[in-house]
Every structure is written in structure tokens, then in C-alpha cells.
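Here are a few notes to read alongside the model. Have it open as you go, and take the points in order.

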Amino acid sequence: MPDRKPFVGGNWKMNTNRTTGSDLARGVTDGVLNIDGVDVAVFPPFPYLLTIRAILRDRGSSIRLGAQNIYQSAEGAFTGEVSANMLKDCGVQVVLCGHSERRHVIGEKDELVNKKVRQTLESGVEAILCVGETLDERLAGHQDIVNARQVRTGLAEIPGSWLERLIVAYEPVWAIGTGKTATPQDAQDAHKQIRTQLAKQYGPDAANRVRIIYGGSVKPDVAADIFAMPDVDGGLIGGASLNAADFVTICKAAATSGRSK
Ligand code: PEP
């Protein structure tokens, strides 16, 4: 079994304000202080990145600072957008690319997501490529085709040497923010199939080193069972990441699962 350290990210989405975000960051930082065996990241809204970075720094935390989105070009006349260099300047170490809300609410397509992944990895930052099928696609039995396509296109022209900065998040759209979680076996099946797709593109050794995390209504009571699956290397957490105690419990579950695999 390759040594894949579990990763847990807290996607705050368009929630919190400067005060509540700061309180949340302090609660998470203090809560995970003595937890080894898991990489933790928080993804605050853009306006609060520097505030949260200062809190993480002041507390000597190893929590990574994440951004929820990036623009695909390096600079220029792109009103309202944020570049890789700007994010790096604010201390961002990891970026979400192709989150389902960006795909399905904002309308991002696979090709655009690929440009964002390329821009992120090229700039030396870690990227989380989010993939996952809709309910209709699952009901039609097309989940494997959809996930394989999103991985294949999302990673087009990405050299294997950049993979050490890549995480894939499997997030079935029907499970995000709905309270419905994939069963551990459904998650395992999808993760295994995503790893098979990675192996087709990069070979089995490289595929075995990539962390594949699960997202979709992960709460403290289900986290341990999902993270126990052999191809599930942690989670991307939305709603439950807004409560420090819940998020810390989920991080602990991931840390424990890593030791037992
Ligand atoms: C997410 O935002 O990536 C997510 C999985 O949200 P939730 O945990 O609320 O379903």
C-alpha cells in the first residue's frame, strides 16, 4: 500500500465574515494542533485570505491556506478575477479547480477546468481537481464515464512531474450540500475507477501516489467509515467545515484511518 497521507480540506464557500471566519480559523487551528497523520487545509472566501493567513501564522499552524478558485491566465484585463501570483502573494498553497458549484452554477466546462489546473500547478501551487457525476448521470449508470472524462480532460497536457502537487476530489453532485452521502462502497468504487483512469494516463505507480479524497455531506458520524476505504485518502468538507468541533473530529477520523491502512 503506497504511503498516501490523508488530506482534509474545509471549503467555507461563500460563508463567514471577518469575525466568524477568524473565530473558525482559531478553533480549527487549536483543535488540530496535536493531530499528526493528516494534512489539513482551509478554503476561506478571497477577501479573508490574509486575515486567516495571519491567524494560521501567529499560531504556528501547519494548516494549508487554500483558495476556492483561480483565473486561468497569469495577468491582464480580466475584471474581477484573481491570478495565481496574487494567490501566492497572499500565502495560498492549494487551489480548488472545478468544484461542482463552479461547474453547475457558474457553468465551467472540463476544458476551462483543465486550464485552471494547469495554471495552478504551473505556478507551483497544489491543485485539487474536483470531479463527480450528477444524479441523472448516476441514475443512468454513467458515473464511471463521467468521472473518467472529467479526470482525462481535466489533466490534459499536465506532465507527470506535476502530479505530486495534485489531489483529485470525487464529489458526486447529488451528495454535495444535500445531506446524502455516498455509501463507503460507492465512494470506494468511484475512487478505484478514478485511480484506474489516472493509471491509464500516468502509469500505475504515479496513480498510486495521487491522493483521491471524497466530498459530499461528510459529517463526523460517517467520516471514519468512508475514510477507512482503501482508495479514499481523506475528504473535502463543506457544511461541516463551518463548525470547528465537527471539522476537527473529521480531521481526527482521517488521521486515524491513515494509520490503519
Ligand atoms: C463541498 O463543498 O465540496 C462539499 C462536499 O460540501 P458538503 O460537505 O456541504 O456536501
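1. Start with strand E5, which is covered on both faces: Glu126, Ile128 and Cys130 are buried on one side, and Ala127, Leu129 and Val131 are buried on the other. Here buried means under 20% relative accessible area, exposed over 50%, and partly exposed in between (1.4 Å probe, protein chains only). In a regular strand the side chains alternate between the two faces of the sheet. Strands (E, at least two residues) and helices (H or I, at least four) are DSSP runs, numbered from the N terminus.

2. A word on the source: this is a predicted model, where local features need pLDDT of at least 70, side-chain atom pairs count only at pLDDT 80 or more, and totals for chains, interfaces and linings use all residues. Residues are numbered from 1 along each chain as its sequence is written, and side-chain values use heavy atoms, with hydrogens and water left out.

3. What does E5 pair with? Strand E4 (residues 94-97) pairs with E5 in the parallel sense over 4 bridges, and E5 pairs with E6 in the parallel sense over 5 bridges. (Two strands pair if DSSP finds at least two bridges between them.) Leucine 129 of E5 is a handy place to look: it is the bridge partner of cysteine 97, and it also stands opposite valine 168 in E6.

4. Now the helices. The axes of H7 and helix H8 (residues 184-202) come within 9 Å and cross at roughly 40°; axes are lines fitted to C-alpha atoms, for helices over the stretch in contact, and angles run from 0 to 180 degrees between N-to-C directions. H7 and H8 are therefore oblique to each other, as angles under 35 degrees count as roughly parallel, over 145 as roughly antiparallel, 65 to 115 as roughly perpendicular and the rest as oblique. From H7, Asp144, Asn147, Ala148, Val151 and Arg152 make the contact, and from H8, Gln193, Ile194, Gln197, Leu198 and Gln201 (contact means heavy atoms within 4.5 Å).

5. Most residues other than glycine have a negative phi. Glutamate 157, not a glycine, has a positive phi of about 65°; this residue is in the loop between helix H7 (143-154) and strand E6 (166-170). Serine 217 has a positive phi of about 55° and lies in the loop between strand E7 (211-215) and helix H10 (220-227). Buried or exposed? Glutamate 157 counts as exposed, at 67% relative accessibility, whereas serine 217 counts as buried, at 10%.
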